[in-house]
Amino acid sequence: MRDNVISRGLACLALAGAAWGTTGAAVDLIYRSSQLGPVSVSFWRQLSGLVLLLAARRLRPAPRTAAAPRRPLVLLGTGLGLAVFQTAYFGAVRETGLAVGTIITLGAGPVFTAAGGRLLLGERLGRGGILAVGGAMAGLSVLLLGDGGGTVQPVGAAWALVSAAGYAAATVLARWAGRRGAGAEPYVLTVWAFGIGAVLLMPFAWAEGLLPHTAHPGRVLLLMSYVGVVTTALAYPLYFAGAAVVRAATTSVVMLIEPVSATVLAVSVLGERLTVATVSGTVVLLGAVVSLGVAEARRRM
């Protein structure tokens with residue numbers, strides 16, 4: 001029975017990672033087909049995800065114990081962190097491409113999370129964790145400074161790092177809330193985060209241009225629907241279901257499907273090219289992420 005639960009968890013994580021790996025490609029195609037910007041795309045993604053998740057829960061009522069967190073700052077901080085994470089990531093994709101934007105964001109995110117946990121929560125990294133963080137920084141350095149072919153655009157890299165910081169802030173906040181009994185069931189927290197994020201983004205999306213100016217409205221609507229349904233309303237519950245039963249180290253490894261699939265799409269579908277420095281930095285960076293997950297799992301054993 002336990003093996004079946006883990007197998008289903010691994011399948012959920014793999015599906016979530018594969019779905020998230022297509023998000024940047026869909027958004028890049030939206031950019032090519034319309035004048036929508038990163039803030040507007042992020043707003044519509046969060047709003048559509050919120051509506052779909054609420055509709056899904058109407059069909060399957062939530063248990064009475066699934067209450068919102070007791071601390072408003074947890075809700076606000078999570079919503080803000082998620083909004084920054086998604087919006088800055090979409091900005092990175094627009095400025096430096098899908099492959100590099102995804103790799104930097106997903107590679108730096110766990111490193112920032114580990115550093116935030118150490119500084120703000122007093123979590124110990126241990127020797128393995130310190131080595132993994134050092135390896136990740138080395139990989140980022142190679143990726144950013146060793147690029148002689150212009151593959152990495154500084155503005156896009158900066159947006160990717162901001163995105164990683166937003167992800168780390170939301171993650172560290174969730175850990176802090178969990179320690180103090182102020183957390184919530186993942187579905188509830190996700191719904192609140194999407195709602196708060198959409199509210200925070202709306203005025204900026206309005207200023208940027210809320211509706212697309214495009215000669216291909218059907219294509220843009222189809223792509224936005226895909227982002228809202230598949231990569232948001234479907235992928236997030238799958239991830240939470242898998243992460244609840246699979247060890248942290250294994251989850252870190254399985255979720256590398258996301259940057260790998262994004263890179264494959266970037267090269268094969270979008271025509272992006274990778275330099276030797278980009279590939280080398282990517283290998284070192286993602287290897288460090290795996291090591292960081294393993295080190296965390298050992299600390300909990």
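Which residues make a nonpolar surface patch of about 370 Å²? In this predicted model, the patch is formed by Leu73, Leu76, Leu80 and Leu200. Helix H4, which covers residues 72-96, supplies the largest share of the patch, three residues. Leu80 is one of the patch residues and is found in helix H4. Its relative accessibility is 46%, so Leu80 counts as partly exposed.

The next topic is charge. Side chains of opposite charge can pair when their charged atoms come close. In this structure the count comes to two salt bridges. One of them joins the side chains of Asp28 and Arg32, with a distance of 2.7 Å from N to O. Both Asp28 and Arg32 belong to helix H2 (residues 23-33), where they are four residues apart, about one turn of the helix. The two partners are placed in opposite classes of accessibility. Asp28 has a relative accessibility of 9% and therefore counts as buried, because the limit for that class is under 20%. Arg32, at 54%, counts as exposed, because that class begins over 50%.

A salt bridge also links Glu95 with Arg94, and here the closest N and O atoms are 3.7 Å apart. That distance qualifies because the cut-off for a salt bridge is within 4 Å. Glu95 is partly exposed, with a relative accessible area of 34%. Arg94 is partly exposed too, with a value of 45%.

The aromatic rings come next. Across the whole structure, a search finds four aromatic pairs. One of these is made by Trp20 and Tyr239, whose ring centres are 5.3 Å apart and whose planes meet at 45°, so the pair is tilted. This pair links distant parts of the chain: Trp20 lies in helix H1 (residues 2-21) and Tyr239 in helix H9 (residues 217-243), 219 residues apart. Trp20 has a relative accessible area of 12%, so this residue is buried. Tyr239, at 23%, is partly exposed.

Another aromatic pair is formed by Phe43 and Trp44. Their rings are 5.1 Å apart, centre to centre, with 65° between the planes, and the arrangement is edge-to-face. Are these two residues buried or partly exposed? Phe43 has a relative accessibility of 4% and so counts as buried, whereas Trp44 is partly exposed, with a relative accessible area of 28%.

Terms used
Residues numbered from 1 in each chain as written. Predicted model: local features only at pLDDT ≥ 70, side-chain atom pairs only at ≥ 80, totals over all residues. Heavy atoms only, no water. Helix = DSSP H or I, 4+ residues; strand = E, 2+ residues; numbered from the N terminus. Buried < 20%, exposed > 50% of the residue type's maximum accessible area, 1.4 Å probe, protein only. Patch = residues over 30% accessible without salt bridge, like charges linked within 9 Å, V, L, I, M, F, W, Y side chains within 5 Å. Areas by Shrake-Rupley, 256 points an atom, 1.4 Å probe, with all protein chains shown as cover. Phe/Tyr/Trp six-rings, centres within 6.5 Å; stacked < 30°, edge-to-face > 60°.
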